[in-house]
Amino acid sequence: MSFHLARFILQFGISSRTASINSSSGYYHLLFNPNKRKFTATAIPTAQKSSKEELLVVVGGGAAGVYGAIRAKTLAPNLDVLVVEKGNPLSKVKISGGGRCNVTNGHCSDIKILAEQYPRGHREFKGSFFDMHGPADTMSWFTDHGVALKIEEDGRVFPTSNSSSSVIDCLLSEAKHRGVSLQNRKVVSSASVEAGGKFLLKLEKRTVSFVENVKADYLLIASGSSQQGHSLAAQLGHSIVDPVPSLFTFKIADSGLAELSGVTFPKVEVKLKLENILRNTPHLTQVGPMLVTHWGLSGPVILRLSAWGARDLFSSGYKGTLIVDFVPDLHIEDMKSILNRHKHKYAKQKALNSWPLGFSLTKRFWKYIVDREGLIGDALWASISNNSIVSIAHLLKHCAFEITGKGQYKDEFVTAGGVPLSEISLNTMESKKCARLFFAGEVLNVDGVTGGFNFQNAWSGGYIAGTSIGELAAEATLEEGIL
Ligand SMILES: Cc1cc2nc3c(=O)[nH]c(=O)nc-3n(C[C@H](O)[C@H](O)[C@H](O)COP(=O)(O)OP(=O)(O)OC[C@H]3O[C@@H](n4cnc5c(N)ncnc54)[C@H](O)[C@@H]3O)c2cc1C
C-alpha cells in the first residue's frame, strides 16, 4: 500500500504504538502488533478532514523544535504539527546547567553585546534576530507559562525551582494543550522535495523494521548537532560547515598547578597562542574568572576562550600556549614598584609567607609562583634580588602554561559548525535554497559562550521559524476560506 500523506493523531503521553495515516482513498489507523513486529492498517472515516489541511513536520524534539512547534500551532491552530524525536524529547534541557537548566542570560539587553557572545553568529546576530525574540521575550514567555525564573549575579537565568523539569513540564504541557503531536524514538532518515513542492520524508524506528513515508507542507529541521540532521540538510541542497566541539576546559601538564586544584581567580586575562595561527585575533584574548582543576584550567574565561578558539584549537590538535595575566588591572612597572616597596618593608620576613596584598593572591598560589621562580622556601625578602623581582612581576603578568589537550565541561557543551547562516534568511529562518524549509537551533553554524546563550539561540530561532510557518499556514487557511 502506498500512502500519500500522513496525519498523526498521537498526542503527548499516548503510546506511540498507534498512528493515523491517510491515503488518497481515506484514513488508516495503524496498529502495532508486537508479535509480528509490524503495523496493520484498518480504514477509519475521514469526514472532518479538509483537503487543504497542511502538515508541519519538525525534525527534533529539543528546545528549538518544541518551542517552534508550539509557536506555529499557536498562530495556525488548523495546521497539523508533528514533532519527530529520535530519543526522548528535551533530553538536553534535562541535563543542562547541571540539571538546573540555564534558560537564557539576563544581563545582555543590548543586542550588540548579546551578539558578541556568539563566536559563530556574532556578525549576523547584530541584525534583527534577537529583536524578534530575545532573552527578555524568553523570560516573559516562561513566566507567563508558569515557570518562575531568577537571574543570578553573573546573568545566568534559572528556574527558581533549580530544576530543569520545570522547563520541560511547561513546554510539554503547552505543546499538548495546543495540540502539537510528538512521536518519540523515530528518526527522520531521509528528505526530498516532490514536484509539487511537498517534502517527502522517510521515518524509521530503529528497534523494529518499520518505515513510514510522510508528506509535509513545511519542514523545520531542529536536529541539534546530530549528523543525521546535517545529512537531511545536505539532501535538501545545503552545505555543512564541519562540526567541531566548543566549550571545553584546557588540560595542562603541570603538577604544581594540579596542587592548586579548587583555587579560583575572580579576574585574569588569558591569551591563546597557537603555533599554526599567526594572525592577530582579538577574540583569542579574554578576561574573566578562572578556576584551577585537577587536570588544568577551567572557569568562564577558559570556556569563553575555548569557544572563540574552537576551530583554531581543533586544527592545532588542542596543543598551544596559554598566557595568563593574574593581575590584569596593574601595569608591570607598578608591580615592580609594589614588589620593591614590599621587599624593603618586610625585609626580615620569609618571601614564602608574605606578598603584596594589593595583588589579591592566595597563599597557595603565591607558593606556586615562588616555587616556579626557583626561590628557596626560607629565603628572606631582604635576599631577593632585583632580577628576581622583575622576574616575579613578569611571571604574574605573563605566566605561560602549555595546553596538552581538551577536557570536558560537564555543565554545558555545544558544537560549532552546521548549516551556514548565509544559506538562510534570519528574519524568517527559511532556507534560501528550498522554499518552506526552515532551520532553528544548534543545527545551524551558531554557538554561544557559556551562560544561557546556546538555549537563547534555540528559543529565538524556534520562535522565528514557528512564527513564519504559522503565518504562512494561517494565510493558506484564510485563502481556502475565501475560495
Ligand atoms: C550537558 C549539556 C549542558 C548544557 N547546558 C546548557 C545550559 O545550561 N544553557 C544553555 O544555554 N545551553 C546549554 N547546553 C547547550 C544546549 O543544550 C543546546 O545548545 C541546545 O539544546 C540546542 O537545542 P536544539 O533544539 O537546537 O538541539 P537539541 O537540544 O540537541 O535537540 C535536537 C533533537 O533532535 C533530535 N534529532 C536529531 N536528529 C534527528 C532525526 N534525524 N530524527 C529525529 N530526531 C532527531 C535529537 O535526538 C535531539 O533531541 C548544554 C549542552 C549540554 C550537552
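Which residue stands opposite Val84 in β6? That would be Val59. Keep in mind as you look around that this is a predicted model.

## A strand wrapped up inside

Val59 belongs to strand β5, which covers residues 55-59. β5 and β6 run alongside each other in the parallel sense, joined over five bridges.

Now look at β6 itself, residues 80-84. Five of its five residues are buried, so the rest of the structure largely encloses this strand.

Elsewhere you'll find three strands making an open sheet, in the order β7-β9-β8, with antiparallel pairing. The edges are taken by β7 (104-105) and β8 (149-151), and each has a single partner strand, so one side of each has no neighbour in the sheet.

Zoom in on β8 and you'll see that its pairing with β9 (residues 156-159) is antiparallel and spans three bridges. Here Leu149 sits opposite Pro159 of β9. As a bit of background, strands of a sheet pair through backbone hydrogen bonds, either parallel or antiparallel.

## Around the ligand

There are 37 residues around the ligand, and the ones that come nearest are Gly60, Gly62, Gly97, Gly224 and Gly441. Several elements give two or more residues to this shell: α1 (63-75), α2 (91-99), β11 (187-193), α7 (227-235) and α14 (453-482). The largest share comes from α2, with five residues.

What kinds of residues make up the shell? They split into 14 nonpolar, 17 polar and six charged.

Helix α11 takes in residues 332-345, which makes 14 residues. From its first C-alpha to its last it reaches 20 Å, close to the 20 Å expected at 1.5 Å a residue.

Which residues of α11 are buried? They are Met335, Leu339, His342 and Lys343. Looking down the axis of α11, you'd see these buried residues fall within an arc of 105°, so they line one face of the helix.

Part of what covers the buried residues of α11 is α13 (386-397).

Conventions
Residues are numbered from 1 along each chain as its sequence is written. This is a predicted model: local features need pLDDT of at least 70, side-chain atom pairs count only at pLDDT 80 or more; totals for chains, interfaces and linings use all residues. Two strands pair if DSSP finds at least two bridges between them. Helices (H or I, at least four residues) and strands (E, at least two) are DSSP runs, numbered from the N terminus. A residue is near a molecule or strand if its C-beta atom, placed from the backbone, lies within 6 Å of it. Ala, Val, Leu, Ile, Met, Phe, Trp, Tyr, Cys and Pro count as nonpolar, Asp, Glu, Lys and Arg as charged, and the others, Gly among them, as polar. The expected span of a helix is 1.5 Å times one less than its number of residues. A residue is buried if 20 or more other C-beta atoms lie within 10 Å of its own, exposed if 12 or fewer, and partly exposed in between; C-beta atoms are placed from the backbone. The arc is that of the directions from the helix axis to the C-beta atoms. Two residues are in contact if their C-beta atoms, placed from the backbone, lie within 7 Å.
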